[in-house]
Amino acid sequence: MSTDEVLAEVGPRLRRIRKEREVTLAALSQATGISVSTLSRLESGLRRPSLELLLPIAEAHQVPLDELVGAPPAGDPRVRAKPVQRNGRTFWPLTRQPGGLQAYKVREPERSRPPEPRTHEGYEWLYVLSGRLRLVLGEHDVVLTAGEAAEFDTRVPHWFGSAGEGPVEFLSLFGPQGERMHVRARPART
């Protein structure tokens with residue numbers, strides 16, 4: 001396959017990956033810093049792809065560059081998340097695509113700070129792996145321990161963090177408003 005043929009397939013592949021992840025051009029533009037018009041021209045084949053454009057797109061979609069240019073898949077389903085530090089917490093992203101449900105493993109060191117409940121659009125599910133997690137949700141103030149879970153509408157004022165008795169590790173699933181985690185106890189019979 002010639003270079004021109006490979007490059008001609010990049011645009012439709014970019015559009016397919018973006019649509020599979022249910023990400024708008026505007027959201028991808030915000031995540032990459034690339035204008036909506038440039039992204040649109042890339043997807044339609046009117047703009048030649050370059051590393052300067054493909055690298056931020058690959059990062060935003062959390063896919064290898066090979067996937068954008070059409071290299072054969074390696075077949076490895078593992079997510080190789082790089083930890084991110086924010087406000088003293090360490091986050092490991094467990095999902096690859098932006099939009100929809102997002103999963104994170106979170107570790108917060110021991111610290112006691114006063115709760116500052118906030119609200120925002122979305123729905124969250126927490127599962128404690130180790131330690132003690134304090135959750136302030138509306139009028140409720142509870143401490144979750146290993147193996148316990150909580151789920152809530154994030155429009156309710158909420159705050160969560162270390163209960164101040166050592167570090168806490170937990171899983172967090174966060175989704176857009178109206179989208180909730182669905183857990184099936186046993187497979188459906190066919």
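Strands E3, residues 102–108, and E9, residues 168–175, pair in the antiparallel sense over 7 bridges. Pairing here takes at least two DSSP bridges between two strands. Helices (H or I, at least four residues) and strands (E, at least two) are DSSP runs, numbered from the N terminus. Within this pair, Glu-108 stands opposite Val-168 in E9.

A word on the model. It is predicted, so local features need pLDDT of at least 70 and side-chain atom pairs count only at pLDDT 80 or more, while totals for chains, interfaces and linings use all residues. Residues are numbered from 1 along each chain as its sequence is written, and side-chain values use heavy atoms, with hydrogens and water left out.

Back to the sheet. It is open, with 6 strands in the order E1-E2-E3-E9-E4-E7 and antiparallel pairing. E1 (84–86) and E7 (149–153) stand at the edges; each has a single partner strand, so one side of each lacks a neighbour in the sheet.

Next, the cores. A nonpolar core is a set of buried Ala, Val, Leu, Ile, Met, Phe, Trp, Tyr and Cys residues joined through side-chain atoms within 4.5 Å. Buried means under 20% relative accessible area, exposed over 50%, partly exposed in between, with a 1.4 Å probe and protein chains only. The largest core has 15 residues, and Leu-14, Ile-57 and Leu-68 have the most contacts inside it. Helices H1 (3–20), H3 (36–44) and H4 (51–61) each give two or more residues to this core. H4 gives the most, with 5 residues. A second, separate core has 13 residues, including Phe-91 and Phe-170.

Look at Leu-68. Leaving aside residues up to four places away in sequence, its contacts (heavy atoms within 4.5 Å) include Val-10, Arg-13 and Ile-57.

Now Arg-13 itself. It forms a salt bridge with Glu-9, the closest N and O atoms being 3.3 Å apart. The term means a side-chain nitrogen of Lys or Arg within 4 Å of a carboxyl oxygen of Asp or Glu. Arg-13 counts as buried at 14% relative accessibility, and Glu-9 as partly exposed at 34%.

How many salt bridges does a search of the whole structure find? It finds 11. Another joins the side chains of Arg-132 and Glu-165, at 2.4 Å from N to O. That pair links distant parts of the chain: Arg-132 is in strand E5 (residues 132–137), Glu-165 in the loop between E8 (158–162) and E9, 33 residues apart. Glu-165 is exposed, at 52%. Arg-15, Arg-18 and Glu-43 are linked in a salt-bridge network.
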